[in-house]
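Here are my notes for a first look at this model. Please keep the sequence and the 3D view open while reading.

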Amino acid sequence: MQRRDFFKTLLAAPAMPALAADQYNSRLKGLPPLTIKDAKVIMTNGGRGYRWTFLKIITSEAGLYGIGSANDSFQTYAVAAALEKHLKPWLIGKDPDRIEDLWQSANFRTYWRGGPVNNKVIAAMDEALWDIKGKRAGMPVYEMLGGRAHDAVACYDHVSGLTREEAAENVAKSAERGFRHIRLQYGEGGYGGGGFIRANEGSRAEGGYQGRAFDEDLYVDTIPPVFDYVRSKVGFGPKLLHDVHSHLSASNAILFSKKMEPYHLYFVEDLLPPEQLGWYKEVRKACATPQAVGEVFTSPTEYFPLITEHVIDFIRTRVSAIGGITQAKKIATLCEVFGVKTAFQEGGENDPVNLLAAYHVDISSTAFGIQEENHFPPLVHEMLPGTPEIRKGYMYGSGRPGLGIDINEEMAAKYPIAEPRNGGAYGTDRAIDGAVVKP
């Protein structure tokens with residue numbers, strides 16, 4: 001079989017194993033055909049300033065509905081409008097059991113398929129449809145994807161430090177809380193911390209940019225000694241991670257990876273921006289530091305050469321950013337075939353519904369590596385009953401049918417989203433000459 005034909009066969013394979021399909025069909029004998037009766041777009045700030053957008057698909061069976069997420073903090077209104085004005089009228093009357101067919105139809109109905117807005121619209125639909133199917137079958141979604149391949153979903157913690165001493169102390173505290181996997185960032189300024197020249201310092205152009213400035217040579221010189229110190233204090237028990245956030249050029253990406261090799265990282269994330277993916281081949285030739293790639297990818301085709309040519313170790317994507325559970329499961333299967341692991345990016349401003357969508361793929365996939373953690377306050381657990389819990393470094397779902405989560409619409413309405421700051425734009429770092437540094 002040609003490799004191209006193999007990929008087509010793999011990605012067209014049905015997502016539901018035969019046993020789960022038989023159990024599902026046996027439960028539905030004698031029930032009337034199911035149709036999509038209505039859909040609702042629910043927006044809320046979750047009580048903490050989030051910009052969450054959910055889709056509730058209501059079926060013709062009394063009390064049966066599904067919840068999906070179209071989370072996008074930066075183009076929130078575009079996503080909401082696409083759901084309300086375009087997807088909803090198209091969905092009414094369709095059969096919610098036909099998840100694969102609806103996914104394919106939704107992907108191509110806009111003609112210009114893909115992209116961050118369309119993918120999140122499709123993901124909200126897809127997650128809600130899996131939620132419906134699981135509820136109707138009386139089983140969690142992961143059972144319909146083949147059942148558990150892991151006892152629980154391991155997550156990595158987030159820590160940082162303004163000094164190397166503080167960094168080592170915070171890693172040790174995280175390990176004491178039960179985390180084996182710990183992402184360590186350093187210095188002021190979040191991503192790129194350790195590589196910033198302070199505002200108004202350094203050689204500046206007259207009348208030019210005077211804010212804090214990222215210098216990649218400073219970053220490459222600063223970060224490895226921090227990890228050297230941390231390893232000297234906590235040893236090699238904790239599995240350490242670090243996120244570069246695409247801030248480096250090709251030569252410095254290679255140099256940085258080589259310098260980090262002695263500290264045995266679980267992975268370094270996004271050395272390079274997606275426009276420079278070809279350089280990962282050179283990184284692989286230069287060193288053995290594991291690479292996690294793809295937080296800002298919006299198409300599976302961006303992953304294919306990286307996975308099949310064995311130049312990365314982990315794929316990084318938010319499940320909603322590539323179209324939901326249906327697409328994430330296929331990517332995970334491709335990873336399994338080629339020995340790559342998944343590391344779904346579900347932290348930050350993300351919501352519990354997406355967190356659970358990733359959870360169901362993770363726990364049913366032998367390609368699962370790690371998932372990003374996300375902790376929510378009691379208010380969110382009340383608003384979205386079934387929100388997953390993280391205990392001693394592992395995530396646990398509710399175990400209820402479907403995704404295992406619901407939404408209290410009245411409570412969500414009490415916390416409407418506010419107008420985005422700065423138009424909802426992602427913060428931009430700049431170099432000392434004022435040039436934009438890619439996130």
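**Notes on the model**

1. Start with a charge over a ring. R212 lies over the face of F196, at 3.9 Å from the ring centre. A second case involves W90: the charged end of R109 sits over its ring, 5.4 Å from the centre.

2. Keep in mind that this is a predicted model. The average pLDDT of the protein is 92, and 92% of the residues score at least 70. Residues 6-11 need care: pLDDT stays under 50 there, and the model gives this stretch 11 contacts beyond four places in sequence. Where pLDDT is low, the predicted coordinates should not be read in detail.

3. Three strands form an open sheet in the order 1-2-3, with antiparallel pairing. Strand 1 (36-44) and strand 3 (65-69) are the edge strands, each pairing on one side only. On average, neighbouring strands of this sheet are turned by 20° against each other, direction ignored. Eight bridges join strand 1 and strand 2 in the antiparallel sense. M43 has T53 of strand 2 as its bridge partner.

4. Two helices lie across these strands. Helix 3 (residues 76-91) lies across strand 1 and strand 2, and runs at about 170° to strand 1. Helix 13 (residues 352-363) lies across strand 2 and strand 3, at about 95° to strand 3.

5. Now look at F54, in strand 2 (residues 52-59). Is F54 buried or exposed? F54 has a relative accessible area of 0%, so it is buried. Beyond four places in sequence, its contacts include K40, V41, I42, G68, D351 and I407. K40 is 14 residues away along the chain, and the C-alpha atoms of F54 and K40 are separated by 8.2 Å. F54 also belongs to an aromatic cluster with Y50, W52 and F376.

6. The whole structure holds 13 aromatic pairs. One of them is Y142 with Y359: the ring centres are 6.4 Å apart and the planes stand at 80°, so the pair is edge-to-face. Y142 is in helix 6 (residues 141-144) and Y359 in helix 13, 217 residues apart. Both Y142 and Y359 are buried.

7. Compare Y266 and F314. Their ring centres are 4.9 Å apart and their planes at 45°, so this pair is tilted. Y266 sits in the loop between helix 9 (250-260) and strand 9 (267-269), while F314 is in strand 11 (residues 314-315), 48 residues apart. Y266 is buried because its relative accessible area, 19%, falls under 20%. F314, at 6%, counts as buried too.

Definitions and conventions
Residues are numbered from 1 along each chain as its sequence is written. This is a predicted model: local features need pLDDT of at least 70, side-chain atom pairs count only at pLDDT 80 or more; totals for chains, interfaces and linings use all residues. Side-chain values use heavy atoms; hydrogens and water are left out. Helices (H or I, at least four residues) and strands (E, at least two) are DSSP runs, numbered from the N terminus. Buried means under 20% relative accessible area, exposed over 50%, partly exposed in between (1.4 Å probe, protein chains only). Contact means heavy atoms within 4.5 Å. pLDDT is the predictor's confidence in each residue, from 0 to 100. Two strands pair if DSSP finds at least two bridges between them. Axes are lines fitted to C-alpha atoms, for helices over the stretch in contact, and angles run from 0 to 180 degrees between N-to-C directions. Rings of Phe, Tyr and Trp (its six-membered ring) pair if their centres lie within 6.5 Å; planes under 30 degrees apart count as stacked, over 60 as edge-to-face and the rest as tilted. A charge sits over a ring if NZ of Lys or CZ of Arg is within 6 Å of the ring centre and within 35 degrees of the ring normal.
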